[in-house]
Amino acid sequence: MNIHEYQAKELLAKFGVPVPAGFAAMSVEEAVEASKKLPGPLYVVKAQIHAGGRGKGKFKELPAEAKGGVRLAKTEDEVRHAATEMLGNTLVTIQTGAAGKQVNRLYVTDGVDIAKEFYLALLVDRATGRVAFVVSTEGGMDIETVAHDTPEKIHTFDVDPATGFMPHHGRAVAKALGLEGDLAKQAQSLAGKVYNAFLGTDASQIEINPLAVTEDNKLMVLDAKVGFDSNSMFRHKDLMELRDETEEDPMELEASKYDLAYIKLDGDIGCMVNGAGLAMATMDIIKLNGMFPANFLDVGGGANKEKVTAAFKIILSDPAVKGILVNIFGGIMRCDIIAEGIVAAAKEVNLAVPLVVRLEGTNVQQGKDILANSGLAIVPANDLGDAAQKIVAEVKKVA
Ligand code: ADP
Ligand code: MG
């Protein structure tokens with residue numbers, strides 16, 4: 001789960017990380033009011049979308065020469081003008097894709113006199129299985145370009161979970177940023193606080209870009225992108241409230257309401273499977289037979305009628321789906337119960353594309369009988385290979 005920049009900064013501030021003052025705004029008037037609460041003389045009006053590259057982004061509805069999604073303003077009128085141009089319009093950045101994202105919230109924040117811009121991120125390094133710092137003096141710009149052109153300017157070091165954050169980690173951050181004296185001390189302290197925020201919120205990433213050195217030698221977070229491990233959200237009810245559902249894929253959102261793990265893909269064959277491993281194997285074998293899966297969908301252990309119906313509806317709401325392959329192993333859940341769920345769901349959604357079902361496990365024969373006697377054109381399959389061949393053949397028959 002991702003959150004907006006202003007939420008990320010409020011969160012980091014709770015852990016003692018220095019951020020400029022600022023207020024979120026949902027309307028032009030709120031933006032103007034927000035600026036009145038700030039000291040000035042420089043304000044920054046920032047579009048809040050779950051994507052970076054806003055500064056260099058372009059609004060679809062505005063002329064090409066109009067400014068992007070991060071704007072400096074010196075007066076109330078300039079704040080008003082920036083807010084009016086941004087709210088309700090669609091911002092396209094290198095991270096949004098061509099469709100862009102509609103701006104519904106703004107952040108009005110203190111303008112800072114920047115001397116230098118750094119990059120500092122914390123993430124889970126899957127190779128070492130540890131939390132890692134990624135630090136570079138080349139902040140402000142696109143870090144992927146730095147990684148590609150000048151990889152030696154990116155420093156990575158991980159933290160042993162047995163010791164946690166140690167003073168030497170802080171010194172390594174300061175050194176990688178080329179800081180000395182008081183700024184080095186600020187960097188050490190900031191690194192420890194960001195680490196605490198990372199662990200304390202079960203974050204999966206905290207990316208600060210830029211981490212700025214101000215003209216008066218203060219280290220400050222000017223932009224922050226924070227994502228959390230969704231599997232830990234049950235113990236962070238307060239963080240769940242930061243969720244902005246308008247930023248999420250509508251189908252994935254619907255799936256999450258039923259506890260279905262759904263990810264949309266580009267192919268033609270809708271898949272409904274229980275267990276992530278079986279889902280991966282099913283996707284592989286569809287590819288082996290010459291077609292591509294339209295989605296990853298794990299209905300989980302308790303695949304009851306309600307879940308199966310929701311899963312069918314989600315798969316079918318994707319116009320690309322030309323056929324469905326159901327591959328379910330009845331372990332705890334019996335095959336006859338699953339078969340009843342599939343039949344009821346298929347009737348409810350008026351299934352109009354070919355459906356191949358492979359069941360295996362407890363009460364498999366009763367399950368197959370229910371499918372065969374349902375009066376629906378369900379094609380039964382005996383094993384994984386058989387199922388994949390049959391759905392590909394059925395879809396090609398219709399085409
Ligand atoms: P994005 O990464 O989405 O483009 P940022 O928040 O990083 O958005 O803003 C882009 C640039 O705007 C920053 O690199 C920085 O130079 C400038 N900027 C952002 N916030 C401030 C601020 N509070 N004061 C001064 N400049 C800022
Ligand atoms: Mg940025």
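The model is predicted, so local features need pLDDT of at least 70 and side-chain atom pairs count only at pLDDT 80 or more, while totals for chains, interfaces and linings use all residues. Side-chain values use heavy atoms, with hydrogens and water left out; residues are numbered from 1 along each chain as its sequence is written, and chains are lettered from A and ligands numbered from 1 in the order in which they are written.

**Overall build**

- The protein chain has 13 helices and 19 strands; these are DSSP runs numbered from the N terminus, helices being H or I with at least four residues and strands E with at least two.
- Its C-alpha trace spans about 80 × 50 × 40 Å along the principal axes.
- Of the 399 residues in the protein chain, 49% count as buried. Buried is under 20% relative accessible area, exposed is over 50% and partly exposed is in between, using a 1.4 Å probe and protein chains only.

**The site around ligand 1**

- There are 16 residues around ligand 1, and Lys46, Arg54, Gly55, Val112 and Glu117 come nearest; a residue counts as near if one of its heavy atoms lies within 4 Å.
- By class, that shell holds six nonpolar, five polar and five charged residues. Here Ala, Val, Leu, Ile, Met, Phe, Trp, Tyr, Cys and Pro are nonpolar, Asp, Glu, Lys and Arg are charged, and the others, Gly among them, are polar.
- Domain 1 (21–110) and domain 2 (114–240) each give at least three residues to the shell, with bounds taken from an automatic or database domain assignment.
- For polar contacts, the cut-off is a pair of N or O atoms within 3.5 Å; within protein, one must be able to donate a hydrogen and the other to accept it, and residues adjacent in sequence count only if both atoms are side-chain atoms.
- On the oxygen side, one ligand 1 oxygen atom sits 2.7 Å from a side-chain N or O atom of Arg54, and a ligand oxygen is 3.2 Å from a polar backbone atom of Gly53.
- A nitrogen atom of ligand 1 is 2.9 Å from a backbone N or O atom of Asp110.
- Taken alone, ligand 1 exposes 540 Å², and the protein buries 84% of that; the areas are Shrake-Rupley values with a 1.4 Å probe, and for residues only the protein chains shown count as cover.
- Strands β2, β8 (114–125) and β11 (203–214) are the elements that give two or more residues to the shell.

**Strand pairing**

- Strands β2 (residues 43–47) and β4 run antiparallel and are joined by four bridges; pairing takes at least two DSSP bridges.
- Val44 has Leu72 of β4 as its bridge partner.
- In β4 (residues 70–73), Arg71 and Ala73 make up the covered face, while Val70 and Leu72 are on the uncovered one.
- Side chains in a regular strand alternate between the two faces of the sheet.
- An open three-stranded sheet runs β3-β5-β6 with antiparallel pairing. Its edge strands, β3 (58–59) and β6 (101–102), each pair on one side only.
- Two bridges link β5 (residues 90–92) to β6, and Thr90 stands opposite Gln102.

**Two glycines**

- Gly53 is in the loop between β2 and β3, and it counts as partly exposed because its relative accessibility is 35%.
- Gly270 belongs to strand β15 (residues 269–273), and it counts as buried because its relative accessibility is 0%.
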